[in-house]
Every structure is written in C-alpha cells, then in structure tokens.
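Keep the structure open as you read.

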Amino acid sequence: MGNGVKEGQVGLKQNGVEPIVPSHVLSEGSPEKRKVIHSLMSGALAGAVAKTAVAPLDRTKIIFQVSAKRFSAKEAYRLIYRTYLNDGFLSLWRGNSATMVRVIPYAAIQFCAHEEYKQLLGRYYGFHGKTLTPLPRFIAGSLAGTTAAMLTYPLDLVRARMAVTPKEMYSNILHVFIRISREEGLKTLYRGFAPTILGVIPYAGLSFFTYESLKKLHADHSGRAQPYPLERLAFGACAGLIGQSASYPLDVVRRRMQTAGVTGHVYGSILPTMREIIREEGLIRGLYKGLSMNWVKGPIAVGISFTTFDLTQILLRKLQFSTNIER
C-alpha cells in the first residue's frame, strides 16, 4: 500500500499536478503541542521574573522562619542592611540560582498543568470552552500546584538550605546535593514533603481560583474580555494574599523541617514540629512569623507571575498568528 501511494504521487508530479495532502494530516496534534510548549515557556518566564524580583525579601523571610528570633519589619530591614554591608549587594540574592533551578521547572509545570487540568475538568463537567465553575476552578489550581511540587521538591529543599547558610558551607547547588546525600542520606531530600503538599493544595487552589474568578467578574462587569496589565497585577496580588495567608503555618513547618540539618534542631513530622514551635515561640509569633513580610512579598510575586504568564501567552499567540498569515 505504501508503494502504491508513492507511485501515485510520483505519477501526479510527472503529469504536472501536485499531490494534495489533507491539511489536518500535516497539522494533526501540532496546535495542542504548540499550546503545551507555549504554556511551559510562559510559565517558566513568569516564575523566573517573579522570584527574582522578590528574592531579597524571600531570603529574609526564610531566615526568620527557621530561627527563634522575633520578627518585625525593623529587624527584617536590619538583617537586609547588615547582609548588604557585610557581604555585598549581590549577596541579597544568595540562593537565587537554586531558586531559579527550582522555580523555572516548577512554574512551567504548574501553569502548563493548570491549563491541561482546566481542559480535562471542563470536558468532565461539560464546560467545553467556557469558564469553569468555582469548585472545578479550585480543583484545577490545587492539582496543578501538587503536580509541580511533587516533581521539583528536592530543589526546593536545596534552595532553602542555601538561603540560610553561609556561602562557605555550600559552594553551589551540586555541592548541597552531594553533602546532604553523604552526611544525612538521600531521604533527607524529601524532608518536609508532607507539609509542602498539604500547604500547596490550599495555596495553589486559592491562588488560581481567586485570579480566575476576578478575571471572570471583571469580564462580566466591564465588557472587556482581557484586563489591562495593571488590573492583572491587582488580581494576582489578591490571589497571592489569600493563598499564602491560608497556607502560611505549613510553610513555616516545612522550612523548619527542610533546614533541620543545619540549624541543630531535630524535627520529626508535621504535628510534633508545630507543637515545638508553639511551645518555644507561641502560636502567632511562631507559626505566623514573617507573615507581614509575606503580605508584601507574596502579592508582588504572584501578581507579577500571573501577569507575566498571561501577557507572554498573548504575545506567543500573536506571533503564531502572524507566522500563519505569512505562510
């Protein structure tokens, strides 16, 4: 059969007629593949831009989370200033290389997975091409965050270690992996995994739910399908504020468990860690330490992340459309 097709095509060419191949055969699967690639690229860029923008605040927050020091805006400012004086301006971004190694695949997977889960849930609930209702919207966000966290968790632990240790202890990302494996065992790379997953379910679920809901409300009331960039930033900021506030105590717990090997503490599981933090530092001062800084850092990061993703997606679609016209 294959030879017959080839002979037929050759015969047509010899007679001066080009063989007509159905266009859907040539492009079969390519729009879906392009969509996935665009989502991965947009998500990677969104994560990198957002995390780099707030890296000094993020590093400061982690240092307070894993120590018994009382948090205040004044103390946070002093820590940043001392770091700048002692180690230089770029030291404020220490651990950011590890953050990028983690956040680029994490954000790429999370945003891409969210788009795919939205489609799957849309088909399941019968919302083909329409905005999901609230519950599926929350589920899509939670599943996206869980998928990304499960696939990139060891990089998150490495980034936390680099953020709270002097540069003499760990020279680079690979050095962290080697030392942890040799001195603490490979199992340590997943220490704090349980609170991370439990925390990411409400965090990612509420973040995506809030952002998508605000975009829908905006479209319904303004008559514009697409918000302006500043409006996207505001929607993302609200999403970050709600998502991070809901999951913050588990964020503190996972940081304590991740950095136990270098802070001298021994933390077993979630509840004993919570009890020890509350006993030593109190409920609010312990489990919500650094939350006020997160209310500054979180909305900025999430706002930038969602906005960058959406605008990059729009740009890539326009470029694809222009390429198709030129063809």
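Helices (H or I, at least four residues) and strands (E, at least two) are DSSP runs, numbered from the N terminus. This is a predicted model, in which local features need pLDDT of at least 70, side-chain atom pairs count only at pLDDT 80 or more, and totals for chains, interfaces and linings use all residues. Residues are numbered from 1 along each chain as its sequence is written, and side-chain values use heavy atoms, with hydrogens and water left out.

**Cavities**

- On a 1 Å grid over the protein atoms alone, a cavity is a set of points where a 1.4 Å probe fits but cannot get out; lining residues have an atom within 4 Å of a point.
- Grid points are joined across faces, edges and corners, and a volume is the space filled by probe spheres set on the points.
- The whole structure holds 3 cavities of 30 Å³ or more.
- The largest cavity has a volume of about 660 Å³.
- Its lining has 37 residues, and Lys51, Arg102, Tyr106, Tyr203 and Gln244 lie nearest the centre.
- α9 gives the largest share of this lining, 8 residues.
- The second largest cavity has a volume of about 90 Å³.
- Residues lining the second largest cavity include Lys51, Asp58, Arg59 and Arg159.
- Here the largest share, 4 residues, comes from α4.

**Pockets**

- A pocket is an open set of grid points with protein on both sides within 12 Å along at least five of seven lines.
- The largest pocket holds about 1000 Å³ of space.
- Of its 36 lining residues, Glu115, Lys118, Glu212, Lys215 and Arg317 lie nearest the centre.
- α3 (30-53), α6, α9 (193-222) and α14 (291-326) each supply at least two residues of that lining.
- Ala, Val, Leu, Ile, Met, Phe, Trp, Tyr, Cys and Pro count as nonpolar, Asp, Glu, Lys and Arg as charged, and the others, Gly among them, as polar.
- By these classes, the lining of the largest pocket has 12 nonpolar, 10 polar and 14 charged residues.
- The second largest pocket has a volume of about 390 Å³.

**The α6 and α7 pair**

- Axes are lines fitted to C-alpha atoms, for helices over the stretch in contact, and angles run from 0 to 180 degrees between N-to-C directions.
- The axes of α6 (residues 96-125) and α7 (residues 134-164) come within 7 Å and cross at roughly 165°.
- That makes α6 roughly antiparallel to α7 (angles over 145 degrees count as roughly antiparallel).
- Their contact has 20 nonpolar, 7 polar and 4 charged residues.

Methods
Parallel < 35°, antiparallel > 145°, perpendicular 65-115°, else oblique.
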